[in-house]
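Visitor: I have a structure to look at and some questions about it. Please show it first.

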Amino acid sequence: MKSSQTILTLRGVTRRFGGLVAVNKLSIEVKEASIHGLIGPNGAGKSTAFDLISGLTSADAGEIIFRGEIVTHRAPESRVAAGICRTFQTPKLFDEMSVLDVVATGRHLHNALGLWGSMFSIARKRAEEARTISAAREFLTTVGLGAKADAPVADLSYGERRLVEIARALATEPKLLLLDEVTSGLNPVETASVGELLRELVRLGLTIMLVEHDMKFVMGLCDDITVMNYGSVIAQGSPGEIVQNPDVVAAYLGSPRDGQRSRRSLRADAPACP
Amino acid sequence: MSTIAKEAHTASHQSTSGVSRHRRDWAAFAVIVGILWCLPLSLGGFYLYLGLAVAIYAISALGLQIMVGLAGQLSLGHAAFMGIGAYTSVLLQKNAGVPFPAALAAAALAAAAAGLLMAQLIRLSGVYFKIATFGFGVVVHQILSNWTALTGGSAGVRAIPAIGVLGFQIETRTGLFVCEALTLTLLYALLIRLSHGKIGRAFRALGQNEAAARSVGIAVARYRMMVITLGCAIAGIAGAYLPHLMRFLSPESFTWYESLTCLIMITLGGLGSLPGAIIGAAILIVAPEYLRDFAQYKMFAFGILLVASMILLPRGIAGAGMSLSRGKRMHAQ
């Protein structure tokens, strides 16, 4: 039932930090309602790619097209409004808030009342707040944390922090969700349930991009995979094609000449890949 | 089936406790506003004077609280905006015969404009912004002290005109107190409303994690401008009342010393807490009046108080009160 329409296109996107080319002529096409994995060794430029797509950093060259619109140099908030939302490698929540309030911040762009409206229009404000809170509860229930709504963020476990961050991102009602190492720090049970959640979300029409180190998770979940190394794409294709790609194997396992490098497995049964 | 029932149960349980957050804020409001209106008016005399001073600094501290405590935009020049408000309103009243309510609005606008100017000029992040706000405060104080033709310089302004509201001349301290208490009550209520909605959440998000705030679509630059402008406008309103209490206006009421005192008020009361700002203001205004013999140690004592409160009550008096009541509730369950 998956449509093959492209939702996100990166064309020759480049980002330099001083002399370092963090992302070099990156071109990716992400299909709507699919899961697209972005993998590669540490420092390959995956997180920078996410920063470029979400607008936290701006491209030096190239084009980013989201749902037919060029968003290359748009501010992050305008990309959220367009339907791109992200999570972070280390969950970034609001540590002095309750869990429910954190998720409610995700409703920011869905609420209309401004500074004066918040203070003076009593009935509209009450209605808007009621909508916000019930929506936030719903998204919290979606990730399975409905019971923690009133807990302070400080009381959460690491895995719960990740789930709250996902709930907050979902509360923005994105079309494209960027998840940066969503399974790191999770135990196998939590990882499996996150996988289930992501499948369900994609079934409902969401598009997901993953930066991930857990190869089993990536290979089992993704429809397409882009492999980066030193800022450049070295392979793109389905999980089956990626595992057999000689360049990928070389990047992960070390080239035949490079016997000293630690052997890192790409096979699906390997627990995790550093 | 059982999980659905369980979730329905927890949901209903939560919605009651979600309401209780609002209820808690309004309960604190009722208590504080009740004390504010009853105590100074019934005791009169010197207590009325104390009430007037507390109300002014409570308003100012509320402005600083939303900037610093809520949105994390530390300002070391808050008193300067009180000064801008004070001089704007008094000079308009005195030189142009503008009625007090209009002068009060002008004071808020002038302080807001200055705050916006500061935020625009100093587009710095982190510690540089904080240092620059200190510089801005010093510059404003220097202007007030040295632009003698307009402000009267360090000699100050005397013969402050009385407050006239809708044809009534307010010449008693009681009348002045009613005006101030009304202003404080109204502002406090509006800020509680603000803190509960979209904007208040955006301010708190900005203060707690800027990158995360940006990731959910909060335009952090715009909200930073907004909260700085709002906080400064409120300082301007507080400033407009100050000359009517002192019956005299001098630049020395708006030094960095005073800015620091405002910061200690909100820290002692509890960063991020609106009632905390008012409690902190009350303590820092009332305590020195009873410790006049030790007046020369005032700032020393404030410093000690600040350090002690940060060690013993890291979330201030309001935070300590809240965890106390939460502890009791859990104990009761």
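Visitor: How far apart do the C-alpha centres of domain 1 and domain 2 of chain A lie?
Guide: This is a predicted model, where local features need pLDDT of at least 70, side-chain atom pairs count only at pLDDT 80 or more, and totals for chains, interfaces and linings use all residues. Residues are numbered from 1 along each chain as its sequence is written, chains are lettered from A and ligands numbered from 1 in the order in which they are written, and side-chain values use heavy atoms, with hydrogens and water left out. Chain A is divided into domain 1 (1-83 + 174-274) and domain 2 (93-173), with bounds from an automatic or database domain assignment. Their C-alpha centres lie 28 Å apart.

Visitor: How many residues does the contact take from domain 2 of chain A?
Guide: Contact means heavy atoms within 4.5 Å. Domain 1 of chain A puts in 18 residues. From domain 2 of chain A, the contact takes twelve residues.

Visitor: Which residues have the most contacts inside the largest nonpolar core?
Guide: Take Leu198(A): among the residues that it touches are Ile35(A), Leu179(A) and Phe217(A), leaving aside residues up to four places away in sequence. Those with the most contacts inside the core are Leu198(A), Ile208(A) and Leu210(A).

Visitor: Which residue stands opposite Leu8(A) in β2(A)?
Guide: Helices (H or I, at least four residues) and strands (E, at least two) are DSSP runs, numbered from the N terminus. Two strands pair if DSSP finds at least two bridges between them. Strands β1 (residues 6-17) and β2 (residues 20-31) of chain A pair in the antiparallel sense over eight bridges. Opposite Leu8(A) stands Val30(A).

Visitor: Is Leu104(B) buried or exposed?
Guide: Leu104(B) lies in helix α4 (residues 100-121) of chain B. It touches Ile237(B), Ala240(B) and Tyr241(B), not counting residues up to four places away in sequence. With a relative accessible area of 16%, Leu104(B) is buried.

Visitor: Which element gives the most to the lining of the largest cavity?
Guide: On a 1 Å grid over the protein atoms alone, a cavity is a set of points where a 1.4 Å probe fits but cannot get out, a pocket is an open set with protein on both sides within 12 Å along at least five of seven lines, and lining residues have an atom within 4 Å of a point. The largest cavity has a volume of about 50 Å³, where grid points are joined across faces, edges and corners and a volume is the space filled by probe spheres set on the points. Its lining includes Cys85(A) and Arg214(B). With three residues, the element that gives the most is β6(A).

Visitor: Which element gives the most to the lining of the second largest pocket?
Guide: This pocket has a volume of about 630 Å³. Of the 26 residues that line it, those closest to its centre include Leu284(B) and Pro288(B). With six residues, the element that gives the most is α12(B).

Methods. A nonpolar core is a set of buried Ala, Val, Leu, Ile, Met, Phe, Trp, Tyr and Cys residues joined through side-chain atoms within 4.5 Å. Buried means under 20% relative accessible area, exposed over 50%, partly exposed in between (1.4 Å probe, protein chains only).
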